[in-house]
Amino acid sequence: MKMWGLAVWMCSAAGAGAQSVDLPRAAPPLVNLNVVAKDARGQAVTDLTGDDFRVFEGSKAQRVVSFRPNEQTVKRVMRAGPDEYSNRTGAPMTPVTVILFDLLNARFEDRGTMMNQLGPALERVEASDTLFFYILTMNGTLYTVHGLPEGNGGKAAAAGARPWTEDSKALLDKAARELFGVRPVGVDVDTRVRMTYQALGSLADLVAAAPGRKSLIWISHGVPISLGAGSTSVYGSVDYTPLLQRLTATLDRAGAAVYTVRQPESLAPGAAAASGGAAARTASASAATPDVPGITLSTEDTLEQFAQLTGGHAFMTPDIRGAIALAASDARMSYHISYEPPLGNWDGKYHKIRVSCARKGVKLETKQGYWAFADLAAPGDREKAALETVTASAFDATEIGLYARLTEHVSATRSVELAIRVEAGDISFVQAGEVATGRLAVGVAGYLKDGRRELFPTEEVAPKLTAGQREEALREGITVEKRLALAEGVEKLRVLVYDRGSGAVGSLTIPLARK
């Protein structure tokens, strides 16, 4: 049976008179940047403001439409009312880090070496509750060592639980027994490249709605960008650049910075003959593709481009511990900047980005450009993708603080009422005279017993607040009320709020007492 719902909106800021007005149906596309700022000692600079930054595409300054710090701090928490659920716990937001150990593109001799480095590196990790670990197997699947929460509204490990990293040696030994072996017949270079990209895309989907900046540490020899001269008799000429472009765009939209760690070259044939330059590059590339003798396939370029296009870092030595430490440091404090390029800029080409800081001595690290795919420029695509992501995620998104009280009515049609409060301090407002206006899209998703998800219609809400009303809204929130009729089998609801001004999103999962 398909769900249907009647939405009744009463928009107010704790009685402060917010109004619902006609809005454009969709926001224009934005480019989002996560910028890490460091001083001369490599320490995070935490007190910058939006006025300290300027963003350029080529030589043209861009119009910044939103700015906010991504801090690993306690998010603002309003006082919860009786029987209210919230996505704000009062605990610091700890960004998610995912490690992917790539067996698919590894030489047999290198596997044990990397496993021996992984164990000690994991044991020294402090925040293990948001560290997750997968292995890309030789048949292209993801093997879970310690996985992200599954299911909508899933939770990470309970506070105070024994860190899984204390058992990392036993977990790695188990994985080695199950996964080490000969690569399956027929898995050639082209197949491995496509398997690798599919696995990385799956991880992007898994982490997309996790709060804050996400880090993906990819330990790999890498994959080639292209197959060219010398391989035409087997594969033909293959250019994987379009796959790389699309995948890095997906990772970027998910807010995931990729930190690539190149697996060791010391055991690769010919690596000892050259310690640097083109010879070493050729030897390492050939080592990464042992089933295509004599063909030089650049894999370092791929690893570097993943880092550059997502704002991460490429380690060309097997420094796993350093990669984990840098990813954690970068995620601890960064700045989220969104700018709105002209629609004409979405031309399918690569656009270089430069971000400058007015404060002297500050070094900025962020992605160096993006691929301006024309199909991403359709107004509303960003909003649609964001809501679909948080609907499917195992996490509740916490960029926007939400509180909600659910009232269930016993009747033949099974209806519920939701009283939703939105944290006004997390919403961007545009000031016009004495009134500040926000632009929100608010929806609800229902989750059925059989795993299906269905969305109620998204509504447009625009709170218009005077200075006094906004002060009250900061204390009590922006209130939205909704009445829904549910289908049989709905077990829980998820409130979805998207800020059309900044691109921030919040979600809150609420279980139903009567199923």
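Trainee: What is the volume of the largest cavity?
Mentor: First, some ground rules: this is a predicted model, where local features need pLDDT of at least 70, side-chain atom pairs count only at pLDDT 80 or more, and totals for chains, interfaces and linings use all residues. Residues are numbered from 1 along each chain as its sequence is written, and side-chain values use heavy atoms, leaving out hydrogens and water. A cavity is a set of points on a 1 Å grid over the protein atoms alone where a 1.4 Å probe fits but cannot get out, with points joined across faces, edges and corners and the volume being the space filled by probe spheres set on them. One cavity of 30 Å³ or more is counted, and the volume of the largest cavity is about 40 Å³.

Trainee: Which elements give two or more residues to the lining of the largest cavity?
Mentor: Lining residues have an atom within 4 Å of a point, and here they are V98, L203, A204, V207, K214, S215, L216, L251 and A256. Helices (H or I, at least four residues) and strands (E, at least two) are DSSP runs numbered from the N terminus. The elements giving two or more residues are α3 (189-207) and β9 (214-220).

Trainee: How many residues of that lining are nonpolar?
Mentor: Ala, Val, Leu, Ile, Met, Phe, Trp, Tyr, Cys and Pro count as nonpolar, Asp, Glu, Lys and Arg as charged, and the others, Gly among them, as polar. The lining of the largest cavity holds one charged residue and one polar residue, and its nonpolar residues number seven.

Trainee: Zooming out, what share of the residues in the protein chain is buried?
Mentor: The protein chain has nine helices and 28 strands. Buried means under 20% relative accessible area, exposed over 50%, and partly exposed in between (1.4 Å probe, protein chains only). Of the 515 residues in the protein chain, the buried share is 52%.

Trainee: Which elements are included in what covers the buried residues of α1?
Mentor: Helix α1 spans residues 108-123, and its buried residues are D110, R111, M114, M115, L118, G119, A121 and L122. An α-helix has 3.6 residues a turn, so residues three or four places apart point the same way. The cover includes β6 (97-102), β7 (131-136), α2 (168-179), β9 and α7 (320-332).

Trainee: Which residue is the bridge partner of Q431 in β21?
Mentor: An open antiparallel sheet has three strands in the order β20-β21-β25, with β20 (429-432) and β25 (464-465) at its edges. Two strands pair if DSSP finds at least two bridges between them, and β20 pairs with β21 (residues 435-438) over four. In β21, the partner of Q431 is A436.

Trainee: Is F429 buried or exposed?
Mentor: F429 lies in strand β20. Counting contact as heavy atoms within 4.5 Å and setting aside residues up to four places away in sequence, F429 touches A424, A436, T437, G438, P463, L465, R470 and I478. Because its relative accessible area is 15%, F429 is buried.

Trainee: What C-alpha separation do Q62 and S338 have?
Mentor: Q62 sits in the loop between β3 (60-61) and β4 (64-71), and its relative accessible area of 13% makes it buried. Beyond four places in sequence, its contacts include Y339, E340, P341 and P342. Q62 and S338 are 276 residues apart along the chain, and their C-alpha atoms are separated by 9.7 Å.

Notes. 1 Å grid on protein atoms, 1.4 Å probe; cavity = no way out; pocket = protein on both sides within 12 Å on 5 of 7 lines; lining within 4 Å.
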